[in-house]
Amino acid sequence: YFQFMPSTIKNHAIDYDKNNHIDLKNPTDSYASAANYLYKMGWDKNSHCFYKIDFSYFCWGNFKLFCC
């Protein structure tokens, strides 16, 4: 599941299954809390989350930056 800092748990964790206990080892509460965190941080569900990166720009002869 997810790792949360104490302040993140305090501010964003939710009891999604309504059992009066926030259990971040329970997938229901864990995924809902992660979604709540992203929502409150302003996540745009239509924005890209991954970008293709071309590392060939960083490779010059025998010198290779980032293991090309």
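The dialogue below goes from the overall layout to single residues.

Q: What kind of model is this, and how are its residues numbered?
A: This is a predicted model, where local features need pLDDT of at least 70, side-chain atom pairs count only at pLDDT 80 or more, and totals for chains, interfaces and linings use all residues. Residues are numbered from 1 along each chain as its sequence is written, and side-chain values use heavy atoms, with hydrogens and water left out.

Q: How many helices and strands are in the protein?
A: Helices (H or I, at least four residues) and strands (E, at least two) are DSSP runs, numbered from the N terminus. The protein has two helices and two strands. Their order from the N terminus is α-α-β-β.

Q: How do I read burial, and which share of the residues is buried?
A: Buried means under 20% relative accessible area, exposed means over 50%, and partly exposed lies in between (1.4 Å probe, protein chains only). Of the 68 residues in the protein, 19% are buried.

Q: How do I read contacts between residues that are apart in sequence?
A: A contact means heavy atoms within 4.5 Å. Take the contacts in the protein between residues at least 6 apart in sequence: 32% of them join residues at least 24 apart.

Q: Why should helix 2 span 20 Å?
A: The expected span of a helix is 1.5 Å times one less than its number of residues. Helix 2 covers residues 27–40, so its 14 residues should span 20 Å at 1.5 Å a residue. Its end C-alpha atoms are 20 Å apart, which agrees.

Q: Which residues of helix 2 are buried, and what do they pack against?
A: The buried ones are Asp29, Ser30, Ala32, Ser33, Ala34 and Asn36. They pack against helix 1 (6–12).

Q: What is found at the start of helix 2, and what follows the helix?
A: Look for a polar contact at the start: a pair of N or O atoms within 3.5 Å; within protein, one must be able to donate a hydrogen and the other to accept it, and residues adjacent in sequence count only if both atoms are side-chain atoms. Here a side-chain oxygen of asparagine 26 comes to within 2.7 Å of the backbone nitrogen of threonine 28. Glycine 42 follows helix 2, and its phi is positive, near 95 degrees.

Q: Is asparagine 36 buried or exposed, and what does it touch?
A: Asparagine 36 sits in helix 2. It counts as buried because its relative accessibility is 15%. Its side chain reaches the backbone oxygen of histidine 12 at 2.7 Å. Leaving out residues up to four places away in sequence, asparagine 36 touches His12 and Ile14.

Q: What about tyrosine 37?
A: Tyrosine 37 is also in helix 2. At 31% relative accessibility, it counts as partly exposed. It touches Thr8 and His12, again leaving out residues up to four places away in sequence. Tyrosine 37 and histidine 12 are 25 residues apart along the chain, yet their C-alpha atoms are separated by 5.4 Å.

Q: How do I read a nonpolar patch, and which residues make one here?
A: Like charges are joined within 9 Å, and nonpolar side chains (Val, Leu, Ile, Met, Phe, Trp, Tyr) within 5 Å. Here Tyr37, Leu38, Met41 and Trp43 make a nonpolar surface patch of about 400 Å². Leucine 38 belongs to helix 2. It counts as partly exposed, at 38% relative accessibility.

Q: Where are lysine 18 and asparagine 20?
A: Lysine 18 is in the loop between helix 1 and helix 2. Its phi is positive, near 55 degrees, in a residue other than glycine. It counts as exposed, at 67% relative accessibility. Asparagine 20 lies in the loop between helix 1 and helix 2. Its phi is positive too, about 65 degrees, although it is not a glycine. At 77% relative accessibility, asparagine 20 counts as exposed.

Definitions and conventions
Patch = residues over 30% accessible without salt bridge, like charges linked within 9 Å, V, L, I, M, F, W, Y side chains within 5 Å. Areas by Shrake-Rupley, 256 points an atom, 1.4 Å probe, with all protein chains shown as cover. Salt bridge = Lys/Arg side-chain N within 4 Å of Asp/Glu carboxyl O.
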